[in-house]
Amino acid sequence: MQGHYTLTKHKKHNKINRAEHIAGYVFVSPWLIGFLIFTAFPIISSIILSFTSYDVLNPPKFVGLANYKTAFTSYPLFWKSLYNTFYYVILSVPLHIIIGLSIALLLNMELKGIAVYRTLYYMPSIVPMVANSVLWMWIFMPQVGILSQTLKIFGITAPNWLSDPRWAKISLVMMSLWGAGSGMIIYLAGLKNVPRSYYEAAEIDGAGTITKFFKITLPLITPTIFFQLIMGIIGSFQVFTQAFIMTSGGPVDSTMFYVLVLYNNAFRYFKMGFASALAWVLFFIIMFFTYLNFKLSNRWVFYGE
Amino acid sequence: MYKKLILLLLLISIISLSFAGCGNKTTTKATSTSAKSKEKVKLIIWGLNPTAVGGGDQAMIDAFNKTHPNMELVPQTPPAGESYTTQDLTKLLTAIAGGTPPDITTIDRFGAGEYAARGALIPLDEYIKKYNFDISNFYKFAIEEASLDGKIYVIPYGTDDRGFYWNKKLFREVGLDPDRPPQTWDELLGYSKKLTKTKGGTYERIGFIPDLGPSKQYIYGFQKGAKYLSDDGKKALLTEKPLQEAFEFMVKAYDIVGGAEKVRAFEGTFQKDANNPFFLGLVAMKDGGSWELGNIARFAPDLDFGVSYIPSPTGAEKVTWAGGWSWGIPKGAKHPDEAFQAIKWIEEEGQFISIEAQAKYNASLGRPFVPGYTANKVWDQKLYETYIPKLNNQRLQEAYKFFMDIFPTAKHRPVTPVGQTLWDELMRATDKAVYHQMSVQQALQVANENVQKALDEFWSKNQNK
């Protein structure tokens with residue numbers, strides 16, 4: 001009797017469970033189908049294509065690891081573009097964190113009209129990248145551009161920005177910092193989460209502003225910084241639009257970033273297979289750095305108790 | 001268990017959906033051919049822009065639809081494109097691969113070879129014969145550029161060539177004979193130096209920048225008789241002496257006015273249209289395209305300029321390089337036969353309707369109108385006689401005639417399946433050489449290797465083609 005009772009209850013429960021399951025899948029199916037068709041399918045196809053020679057117009061031909069071998073052994077632009085991309089990542093990610101955080105600290109004050117400042121600082125990051133690029137081409141205009149003119153007031157002779165192979169990458173990093181506001185908003189959220197009582201306690205103990213920042217603020221927002229670091233690395237490795245529009249990789253390949261090389265191979269030289277291989281190499285590079293960051297994170301990221 | 005089942009079902013449905021997509025294509029094709037005779041055939045065309053104010057394409061489309069009761073020309077903006085006339089080949093590429101190409105597409109003749117070599121364009125010889133399309137009056141270079149392995153893949157539509165523009169006022173200013181352009185490379189360099197003006201370390205004017213205009217290194221290579229590729233198209237010949245000498249000239253032309261880095265920085269300040277650096281006197285001489293006459297007419301009608309052949313090694317090598325647009329029928333187009341009829345009409349009648357509409361529009365604004373060139377010598381003569389006498393600007397009249405008369409001396413870029421690679425590598429080599437990051441010889445050596453690699457890869461895959 002007892003056994004029978006539990007069995008039916010279990011069955012009933014199972015039935016409801018199943019109905020809920022199905023309903024659940026039906027509800028998420030628009031996203032699920034979209035994900036499978038437009039994300040999962042292309043990702044899987046690109047793995048397969050990376051082992052083929054494929055010009056889009058004719059059926060792919062299996063070539064084994066040849067594309068990967070070419071990239072590593074006989075395609076100088078692969079290394080050149082990796083160098084450029086690393087240069088960009090190493091310069092831009094830390095600067096983004098420092099500047100984003102600094103702006104956030106400034107905008108975390110209780111001032112009248114602070115919302116206006118926050119809006120102003122955030123605004124550049126909602127400008128579409130293409131518009132942004134065109135705008136900065138003017139800003140970077142040698143001699144007559146606003147940047148060179150401003151430096152001239154202080155007696156500094158500006159470099160030729162985008163037409164100097166030594167400055168072109170740095171120029172693009174500077175330009176990207178204009179969008180540091182997007183990080184600022186996330187740091188602000190992190191800063192708002194730091195309990196005020198900690199500061200009060202520290203003040204009673206006689207801690208100054210700098211001590212408070214390094215002993216309280218910084219440790220408590222490390223999860224936010226960590227998040228920004230990961231996202232920043234993923235984003236910067238894929239830098240493309242600026243170089244595509246502003247420099248097309250020049251001068252002398254100095255802004256030939258990895259994804260630009262990938263794009264050129266795919267859509268200009270009809271080498272979809274090779275481009276897919278390049279994409280997967282980049283994927284593993286980004287994966288590696290993300291993994292490394294997670295591994296190292298327990299040394300400096302503080303999640304509270 | 002259920003989770004897995006549902007996932008599986010979803011996967012199966014997706015896979016079957018994608019197969020259904022493939023199946024559909026063949027069935028619609030079959031029905032469209034059988035129903036062809038009755039229904040009005042809609043021809044999707046990429047490359048006509050009915051929305052451009054004063055562009056004339058709408059007038060052409062209207063006229064076509066009126067005179068062809070069984071066909072309708074439907075201009076389409078390519079997916080995600082902002083403009084109707086796009087040179088963004090990625091869209092065409094994906095449309096052909098996806099089995100949904102337009103019936104007719106515009107294509108830069110330069111890119112036609114790459115598409116044709118990969119079987120993405122339908123050869124048109126059969127249709128040319130069937131509909132008696134007269135190609136005998138097209139310029140030789142235009143037909144050559146439209147052909148691959150003896151077959152014609154696109155019909156040239158509009159063409160352009162390049163020449164040397166010089167500012168006579170600035171010539172007078174520095175004491176040069178305004179009516180005599182430099183003839184040789186050496187003379188050009190001398191003039192360039194003389195016309196360059198600096199103030200406090202920055203340029204006020206540069207005499208001549210060798211690749212400011214659309215000619216790039218090709219014009220100097222053509223002057224020297226450089227071949228670029230072997231006759232069978234399988235071997236890159238970029239390290240040969242003529243091309244090296246052309247590159248050395250460009251390096252010299254940069255160095256004599258201050259070096260590539262400084263010059264390119266000055267170039268970075270240049271604007272377009274009314275603020276064209278040549279109109280403003282920021283450059284005194286330039287290599288320019290025939291199409292720039294239209295801009296002069298509109299923005300700088302009073303500019304005191306002359307046009308001539310681009311100065312050459314000894315002054316005797318009188319060549320230009322020409323390019324232009326064309327119409328092609330992509331593989332997988334639903335109505336190739338009607339598409340060709342439409343192309344024929346656009347070439348023989350449509351473009352004149354369009355040009356007439358443009359002329360009227362310009363006249364209504366009181367602007368002078370300079371038509372483009374058609375790639376067909378008889379038609380060009382017709383345009384010349386119709387529109388050029390109406391221009392009350394002798395300099396423009398002479399320049400128009402000059403660019404028309406030199407078409408027989410025109411050369412074109414090699415027709416090759418690796419055209420884009422060749423172009424990019426030559427541009428890269430130019431950069432490396434003029435920035436002195438490599439010697440000319442080294443830069444061309446690298447370019448040659450890369451182009452050869454691309455050629456080998458293509459030919460190893462397409463041996464039987």
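## A helix and its opening residue

Helices are DSSP runs of type H or I that hold at least four residues, and they are numbered from the N terminus. In this predicted model, B:K216 lies in helix 9 of chain B, which covers residues 216-224.

## Two helix pairs in chain B

Helix 10 (residues 241-256) and helix 18 (residues 440-461) of chain B have axes that come within 10 Å and cross at roughly 125°.

A second pair is formed by helix 15 (residues 377-387) and helix 16 (residues 394-405) of chain B, whose axes come within 11 Å and cross at roughly 175°. That angle makes helix 15 of chain B roughly antiparallel to helix 16 of chain B. Helix 15 of chain B contributes B:D380, B:Q381, B:L383 and B:Y384 to the contact, while helix 16 of chain B contributes B:Y400, B:K401 and B:M404. The residues of this contact between helix 15 and helix 16 of chain B divide into four nonpolar, one polar and two charged.

## Where chain B meets chain A

Between the two chains, 36 residues of chain B are in contact with 40 residues of chain A. Chain B and chain A bury about 3,600 Å² between them, and 61% of that area is on carbon and sulfur atoms. Within chain B, the residues that lose the most area to chain A are B:L93, B:R118 and B:K461, which together account for 17% of what that side buries.

Charged side chains also link the two partners, with a count of five salt bridges between chain B and chain A. In one salt bridge, the side chains of B:E457 and A:K271 meet at 3.6 Å, taken from N to O.

## A cis peptide bond in chain A

In chain A, a cis peptide bond joins A:G250 and A:P251, with an omega of about -15°. A:P251 lies in the loop between helix 12 (241-247) and helix 13 (258-268) of chain A.

Definitions and conventions: Residues are numbered from 1 along each chain as its sequence is written. Chains are lettered from A and ligands numbered from 1 in the order in which they are written. This is a predicted model: local features need pLDDT of at least 70, side-chain atom pairs count only at pLDDT 80 or more; totals for chains, interfaces and linings use all residues. Side-chain values use heavy atoms; hydrogens and water are left out. Axes are lines fitted to C-alpha atoms, for helices over the stretch in contact, and angles run from 0 to 180 degrees between N-to-C directions. Angles under 35 degrees count as roughly parallel, over 145 as roughly antiparallel, 65 to 115 as roughly perpendicular and the rest as oblique. Contact means heavy atoms within 4.5 Å. Ala, Val, Leu, Ile, Met, Phe, Trp, Tyr, Cys and Pro count as nonpolar, Asp, Glu, Lys and Arg as charged, and the others, Gly among them, as polar. Buried area is the accessible area (1.4 Å probe) that two parts lose on being put together, summed over both. A salt bridge is a side-chain nitrogen of Lys or Arg within 4 Å of a carboxyl oxygen of Asp or Glu.
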